[in-house]
Amino acid sequence: MGSSGYTRGVHEEETVDLLDYAKRLTRFVVPAGIVALVVMVIAVAFGFAAKPQYHMKAHVLVRPGKVVDQERSPAEADMLSRTMRTFVALADLPQLTEEAAKHTQGKYDSKQVAAMTDIFWGGGSFLLAIQATASTEEDSKMLSNAMADALVKLGPDLLKGDSEGTPHMAVVEKAKQDEEMPAPKTRMDAIIPGAAAGIVAGVLVAMVLEYRSSRRQRKQLSAEAGPVGTGSGAPRDPS
């Protein structure tokens, strides 16, 4: 019983201490609220300024002229690797991006196409992935498909005369919205994290102010009490 009563008393004391600490923090509700509001506004404004980003991919089938089978020899595998890596390196080629820009009906120029698209190869396969990133789904689709079409049109000529032979190319999958792809973040998504950041900042400010206030009070009490062992309480000589 004694142990149980002691434990209960400790828990009650801790609860009282926490409640007392929370009450002390409320003394700084005004500065903490101002900081919380400022941080919240900045965070939300930053989120609203950010544009959503859509990523779309089209796929191009590439068969190097001298590689005719998936069951290829090491020499053919090396030949395929060189061909695919060459196409990946051509992603920023002005001739290619200018052709892709023509497929955007004048909405994007060659430099914009180069900045917003890229070519990837996963290794081992005959497929190239052409990815585009834009702030709208339609623009992302358009850019990805435009680059894919340009690559199919110019790719064979770009490697014509190469030792691997002229590749055969075709777009096998146009860019489209993937049903499993999560929707891009919108401006409204900034409100909850912005509010959370503001609340955390406000609480931290209140805790810092409370710490400084308590420290200042302890110093004042210590100064008023005077040095230990001195004062009116010192024993007198009875004689």
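**Exercise 1. Work out the handedness and the relative direction of helices H2 and H7 in this predicted model.**

*Step 1.* Start with the handedness: H2 and H7 cross in a right-handed manner.

*Step 2.* Now look at the geometry. Two packed helices are described by the angle between their axes and the distance between the axes. Here H2 covers residues 29–49 and H7 covers residues 191–225; their axes come within 7 Å and cross at roughly 155°.

*Step 3.* Angles over 145 degrees count as roughly antiparallel, so H2 and H7 are roughly antiparallel to each other.

*Step 4.* Next, find the residues that touch. On the H2 side, they include Pro31, Val35, Val39, Met40 and Phe48. On the H7 side, Ile191, Gly194, Gly198, Gly202 and Leu209 are among them.

*Step 5.* Sort the contact by class: 17 residues are nonpolar, three are polar and none is charged.

**Exercise 2. Is Gly33 buried, partly exposed or exposed?**

*Step 1.* Locate the residue: Gly33 belongs to helix H2.

*Step 2.* Its relative accessibility is 34%. Buried means under 20% and exposed means over 50%, so Gly33 counts as partly exposed.

*Step 3.* Gly33 and Ala201 are 168 residues apart along the chain, and their C-alpha atoms are separated by 9.1 Å.

**Exercise 3. Describe the sheet: what is the order of its strands, and which are the edge strands?**

*Step 1.* Trace the order across the sheet. The four strands form an open sheet, S2-S3-S1-S4, with antiparallel pairing.

*Step 2.* Look for strands that pair on one side only: these edge strands are S2 (117–120) and S4 (168–173).

*Step 3.* Follow the twist, which averages 25° from one strand to the next.

*Step 4.* Zoom in on one pair. S1 (residues 54–63) and S4 run antiparallel and are joined by five bridges. His59 stands opposite Glu173 in S4.

*Step 5.* H6 (residues 137–158) lies across S1, S2, S3 (127–134) and S4, and runs at about 20° to S1.

**Exercise 4. How are helices H4 and H6 oriented to each other?**

*Step 1.* The axes of H4 (residues 94–102) and H6 come within 8 Å and cross at roughly 140°.

*Step 2.* Since over 145 degrees is needed for roughly antiparallel, H4 and H6 are therefore oblique to each other. Their crossing is right-handed.

*Step 3.* Name some contact residues: Gln95, Leu96 and Glu99 are among those of H4, and Met147, Lys153 and Leu158 are among those of H6.

*Step 4.* Finish with the classes: this contact of H4 with H6 has eight nonpolar, two polar and two charged residues.

Methods
Residues numbered from 1 in each chain as written. Predicted model: local features only at pLDDT ≥ 70, side-chain atom pairs only at ≥ 80, totals over all residues. Heavy atoms only, no water. Axes fitted to C-alpha atoms, helices over the stretch in contact; angles between N-to-C directions. Helix = DSSP H or I, 4+ residues; strand = E, 2+ residues; numbered from the N terminus. Parallel < 35°, antiparallel > 145°, perpendicular 65-115°, else oblique. Left-handed = near helix turned anticlockwise from the far one by under 90°. Contact = heavy atoms within 4.5 Å. Nonpolar A, V, L, I, M, F, W, Y, C, P; charged D, E, K, R; others polar. Pairing = 2+ DSSP bridges. Buried < 20%, exposed > 50% of the residue type's maximum accessible area, 1.4 Å probe, protein only.
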